[in-house]
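Me: I should like to learn how to read a model of this kind, feature by feature. Could we begin with the surroundings of a ligand?

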Amino acid sequence: MSKKQKGQTRVCVYPDWCKGCGLCVAFCPAKVLVLNAFGKAEVAHEDECINCGFCELHCPDFAIAIKPRTRNGAAQPDPRSGWSDPENEHGRASPPVRTAEPNPNPEE
Amino acid sequence: MADVTQLIHDYLRHNKKFPHVFCAGCGHGIVLGSLIRSVHALGLPKDDVVLVAGIGCSGRMAVYVDFNTVHTTHGRALTFATGIKMANPKLKVICVMGDGDALSIGGNHLIHAARRNIGVTALILNNHIYGMTGGQCSSATPQGDISMTTPFGSLEKAFDIADMCKAAGASYVARGTSFHAIQLDRLISTAIMHPGFSVVEVFSPCPTQYGRKNKFRNAVDMYKWLKSNTVKVETLKDPDQKPADGRIPIGVFRDVEEPGLEERYFELQRKLMGQNR
Ligand SMILES: Cc1ncc(C[n+]2csc(CCOP(=O)(O)OP(=O)(O)O)c2C)c(N)n1
Ligand code: SF4
Ligand code: SF4
Ligand code: SF4
Ligand SMILES: [Mg+2]
C-alpha cells in the first residue's frame with residue numbers, strides 16, 4: 001500500500017452501482033465520503049484521502065475507485081466500458097470494450 | 001490501490017444485470033471481490049478456474065464472474081465439484097456455498113469431501129441464516145438468535161464449521177470475515193493452491209434477513225461487530241481452546257500437506273497401467 005499522503009488521489013463513486021450501504025462512509029479513516037440526499041455515497045473531502053484502500057476493498061458493489069491524480073484530473077468511472085480517463089495514466093492499453101452478448105438466461 | 005476496483009470489473013460478466021442482486025451491505029459482494037483478487041494474484045487464467053455454486057444468495061456469485069461456472073442444485077455443489085476435479089485435476093475447482101447449502105441440506109457431502117480430501121476449495125459464506133428464502137434458521141444460526149422460524153430464539157446449538165471440517169479430515173481449514181478483506185484474500189489464495197480439500201469459512205453479514213432481527217440497526221453495525229468480536233488465532237495462547245471472552249477466532253486452523261483423492265487415484269492408475277504393460 002502506498003504512503004499515507006493526502007491529496008494524491010481522485011475518489012470516484014459510480015452512483016448507478018452504489019446501493020448506499022454506508023460502509024465506505026462509516027469506515028473511511030479520513031472521512032472523505034458522505035451519503036447524499038439520494039442515499040448514495042458522495043465525495044465530500046477528496047483532498048483528505050490517504051489512499052488507504054479500505055473503501056475499494058470493502059465496497060460490496062464495486063462502486064468506488066481510488067485513482068492517482070493526473071494533470072487533467074481523472075474522469076468519472078464507467079464500469080461497463082472500463083474507466084474512461086483521457087490520460088490513461090496506468091500506461092495500460094484502453095480497457096477492452098465489452099459488447100453485451102445476448103443473455104442466454106433471461107431471468108438473470 | 002488504484003487498480004483494485006478496475007481489476008474486479010475486468011472479471012465481471014458485464015452482460016449480466018448490475019448492480020448485482022445482493023442487498024445493500026451484503027457481505028457476499030465483498031467475498032466475490034476477494035475471490036477475484038485472489039485468483040488474479042495467483043496469476044491463474046480465467047479458464048483454469050471453475051466456480052461451482054449451490055443455490056442461495058451466495059450461489060448467485062457464480063452468475064457474475066467470468067470463470068467457468070456451474071450453478072448447481074441446493075446442497076449438491078460439492079458433488080459436481082468432486083466430479084469436475086476427478087475428471088480434470090488440472091482445474092482449480094472452487095465451490096461456493098451458503099451455510100444452509102453447505103451444512104444443512106449439503107452437510108453429508110461436506111463431511112465426505114473432507115474425509116476424502118478431494119482437491120477442491122470450499123468457500124462457505126456463513127451468514128447464519130437462509131438468506132434467499134426469507135430468513136429461516138440454519139444449522140449455523142447461533143443458539144438464542146432470532147430468525148423467521150425461531151421467533152423466540154433458536155434452541156439449537158450452531159455448528160462450528162471449522163471444527164467440523166477439521167474433525168472430518170479437511171487438510172486446510174481457515175476462517176475469515178467480509179470485514180477483514182486483506183486477510184481473506186490471503187486465506188482464499190492459499191486455499192486455492194492447497195493440494196487437498198480446503199475450507200474457507202467466511203462470516204459474511206446478511207443485514208436483511210439476519211441483522212434486522214438480531215438487533216443490528218444497519219449493515220455498518222454488523223461490520224463493526226465483526227471488527228470487535230473476532231481475534232486472530234495466532235494471537236491466542238492456546239489455539240485449540242475457544243477464547244473465554246466469546247470472540248471468534250479467525251485465521252488458519254489447519255494446514256497440512258496430504259495428497260488429494262484425485263492425486264491418489266491417478267497414482268493408482270499409473271501403477272496398474274505399469275503392471276499391465
Ligand atoms: C432441494 C431444495 N430445497 C430447498 C430449496 C430452497 N432454498 C433455496 S436457497 C435456500 C437456503 C439458502 O441459504 P444459504 O445456503 O445459507 O444461502 P444464503 O442465501 O444465506 O447465502 C433454500 C432452503 C431449494 N432451492 N432446493
Ligand atoms: S460501500 Fe459502495 S455501495 Fe456502499 S455506500 Fe460506499 S460506494 Fe455505495
Ligand atoms: S482510500 Fe481510504 S482514505 Fe481514501 S476515500 Fe477510501 S477509505 Fe477514505
Ligand atoms: S438476503 Fe441477506 S444474504 Fe441475501 S443478498 Fe440480502 S443481505 Fe445478502
Ligand atoms: Mg446463509
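Reply: A definition comes first: Ala, Val, Leu, Ile, Met, Phe, Trp, Tyr, Cys and Pro count as nonpolar, Asp, Glu, Lys and Arg as charged, and the others, Gly among them, as polar. In this predicted model, the shell around ligand 4 then divides into six nonpolar, five polar and no charged residues.

Me: Which residues are around ligand 4?

Reply: They are B:Phe22, B:Cys23, B:Cys26, B:His28, B:Cys57, B:Asn127, B:Gly131, B:Cys206, B:Pro207, B:Thr208 and B:Gln209. Helix α9 of chain B, residues 207-211, supplies the largest share of this shell, with three residues.

Me: Which residues come nearest to ligand 1?

Reply: There are 17 residues around ligand 1, and those that come nearest are B:Cys57, B:Asp99, B:Gly100, B:Asp101 and B:Gly131. A polar backbone atom of B:Cys57 is 2.8 Å from an oxygen atom of ligand 1, and a backbone N or O atom of B:Asp101 lies 2.7 Å from an oxygen atom of the ligand. From B:Asn127 it is a polar side-chain atom that lies 2.9 Å from an oxygen atom of ligand 1. B:Cys57 and B:Asn127 are also listed around ligand 4.

Me: How should confidence be read, and what is the mean pLDDT of chain B?

Reply: Where pLDDT is low, the predicted coordinates should not be read in detail. Chain B has a mean pLDDT of 96, and 99% of its residues reach 70 or more. Chain A averages 76, with 62% of the residues scoring at least 70. Over residues 75-104 of chain A, pLDDT stays under 50; the model has 59 contacts beyond four places in sequence for this stretch. For the complex, the predictor gives an ipTM of 0.94 and a pTM of 0.91.

Me: How many residues of chain A are in contact with chain B?

Reply: The contact involves 35 residues of chain A and 39 residues of chain B. About 3200 Å² is buried between the two chains, and carbon and sulfur atoms give 64% of that area. Between chain A and chain B there are zero salt bridges, whereas eight residue pairs are in polar contact, both residues being at pLDDT 80 or more. On the side of chain A that touches chain B, the elements giving two or more residues are α1 (23-27), α2 (54-58) and β4 (64-68). Of these, β4(A) gives the most, with five residues. By class, this side has 18 nonpolar, seven polar and 10 charged residues.

Me: How many salt bridges does the structure hold over all chains?

Reply: The total is 15 salt bridges. One case is the pair A:Arg10 and A:Glu46, whose side chains meet at 3.2 Å, N to O. This pair links distant parts of the chain: A:Arg10 is in strand β1 (residues 9-13), and A:Glu46 is in the loop between β3 (41-43) and α2 of chain A, 36 residues apart.

Me: What should one look for in the backbone?

Reply: Most residues other than glycine have a negative phi, and most peptide bonds are trans. A:Asn51 has a positive phi, near 55°, and its place is in the loop between β3 and α2 of chain A. In chain B, a cis peptide bond joins B:Phe18 and B:Pro19, with omega about 0°. B:Pro19 is placed in the loop between α1 (4-11) and α2 (27-41) of chain B.

How values were computed
Residues are numbered from 1 along each chain as its sequence is written. Chains are lettered from A and ligands numbered from 1 in the order in which they are written. Side-chain values use heavy atoms; hydrogens and water are left out. A residue is near a molecule or strand if one of its heavy atoms lies within 4 Å of it. Helices (H or I, at least four residues) and strands (E, at least two) are DSSP runs, numbered from the N terminus. pLDDT is the predictor's confidence in each residue, from 0 to 100. Contact means heavy atoms within 4.5 Å. Buried area is the accessible area (1.4 Å probe) that two parts lose on being put together, summed over both. A salt bridge is a side-chain nitrogen of Lys or Arg within 4 Å of a carboxyl oxygen of Asp or Glu. A polar contact is a pair of N or O atoms within 3.5 Å; within protein, one must be able to donate a hydrogen and the other to accept it, and residues adjacent in sequence count only if both atoms are side-chain atoms.
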